[in-house]
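Subject: Structure handover

Hello,

Here is the structure I promised to pass on. Please open it first, then read my notes below.

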Amino acid sequence: MLRESVSNNFLDALFGRVGAATIGLNGTCYAGLGLASSVPSMNNSGEITGFSEPVGNNYARVRLGISGQPDTYMMSSADNAAIRNHEKEIHFHECLGEAWGEIAYIGLFSAETGGNPIMVGPVVNAQGEPATVTVSVNQIPLFRVDQLTAEITSDAFTVTEE
């Protein structure tokens, strides 16, 4: 029960739903798309490395919330150590110029550009199996309502798209 409470508070702070300064977060969360050619892992310092995002061609991370600004909240309040986009679709920019390629991961960041992700998870299909999505020119990647979940389990953080 304590793990669930701490997890809920962390997720709410990460996604900007509550004040985050007390746990070292800035209260702003961005989602980024990870290329299938990258291999995210955690180094000895606890940082996630090896997460590569598309470059150029109108790619940008998407803001998921700013602390104290409810109109920016893309995710519902955390519950049972998980947080979901229960009410809003999450849209990335349209892919322009050249294809972004195969996307296999989703990363959560505290900044719009730069830095390492705070959490990373695989893109999964409806059966919960890892999958890739190819983003071609003129496509707009999106997460429909209830398709994006960030969850803290007993042994890992996971971010999944269903």
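Which residue stands opposite I83 in β11? The residue is A150. One caution before the rest: this is a predicted model.

Strand β5 (residues 82-84) pairs with β11 in the antiparallel sense, over three bridges. Strand β11 covers residues 148-152, and four of its five residues are buried, so the rest of the structure largely encloses it.

Now the overall layout. The protein has 162 residues, and 42% of them count as buried. One helix and twelve strands make up its elements. From the N terminus the order is α-β-β-β-β-β-β-β-β-β-β-β-β.

Next, the cores. The largest nonpolar core holds 24 residues. L64, I90, F92, L108 and L148 touch the most other members. Four strands each supply at least two residues of this core: β1 (28-35), β4 (62-66), β7 (101-109) and β11. The largest share, four residues, comes from β1. There is also a second, separate core of five residues. Among its members are Y30, I48, F109 and V120.

F109 turns up again in the aromatic pairs. A search of the whole structure finds three of these. I describe two here.

- F51 and F109: the ring centres are 5.7 Å apart and the planes stand at 65°, so this pair is edge-to-face. F51 sits in the loop between β3 (48-49) and β4, and F109 in strand β7, so the pair ties together parts that are 58 residues apart in sequence. Both F51 and F109 are buried.
- Y59 and W100: this pair is edge-to-face too, at 5.2 Å centre to centre with 90° between the planes. Y59 is in the loop between β3 and β4, while W100 is in the loop between β6 (90-91) and β7, so parts 41 residues apart in sequence are tied together. Y59 has 14% relative accessibility and counts as buried. W100 is buried as well, with a relative accessible area of 6%.

Then the largest pocket. How much space lies in it? About 220 Å³. Its lining has 14 residues. V133, V135, P141, L142 and F143 lie nearest the centre of the pocket. Strands β9 (133-135) and β10 (142-143) each supply at least two lining residues. β9 gives the most, with three. By type, the lining divides into ten nonpolar residues, three polar and one charged.

Last, two backbone details. Most residues other than glycine have a negative phi. Two residues to look at here are N57 and D146, and each has a positive value.

- N57: phi is about 55°, although N57 is not a glycine. N57 is found in the loop between β3 and β4. Its relative accessibility is 26%, so N57 counts as partly exposed.
- D146: phi is near 70°, again in a residue other than glycine. D146 has its place in the loop between β10 and β11. At 31% relative accessibility, D146 counts as partly exposed.

Best wishes

Definitions and conventions
Residues are numbered from 1 along each chain as its sequence is written. This is a predicted model: local features need pLDDT of at least 70, side-chain atom pairs count only at pLDDT 80 or more; totals for chains, interfaces and linings use all residues. Side-chain values use heavy atoms; hydrogens and water are left out. Buried means under 20% relative accessible area, exposed over 50%, partly exposed in between (1.4 Å probe, protein chains only). Two strands pair if DSSP finds at least two bridges between them. On a 1 Å grid over the protein atoms alone, a cavity is a set of points where a 1.4 Å probe fits but cannot get out, and a pocket is an open set with protein on both sides within 12 Å along at least five of seven lines; lining residues have an atom within 4 Å of a point. Grid points are joined across faces, edges and corners, and a volume is the space filled by probe spheres set on the points. Ala, Val, Leu, Ile, Met, Phe, Trp, Tyr, Cys and Pro count as nonpolar, Asp, Glu, Lys and Arg as charged, and the others, Gly among them, as polar. A nonpolar core is a set of buried Ala, Val, Leu, Ile, Met, Phe, Trp, Tyr and Cys residues joined through side-chain atoms within 4.5 Å. Rings of Phe, Tyr and Trp (its six-membered ring) pair if their centres lie within 6.5 Å; planes under 30 degrees apart count as stacked, over 60 as edge-to-face and the rest as tilted.
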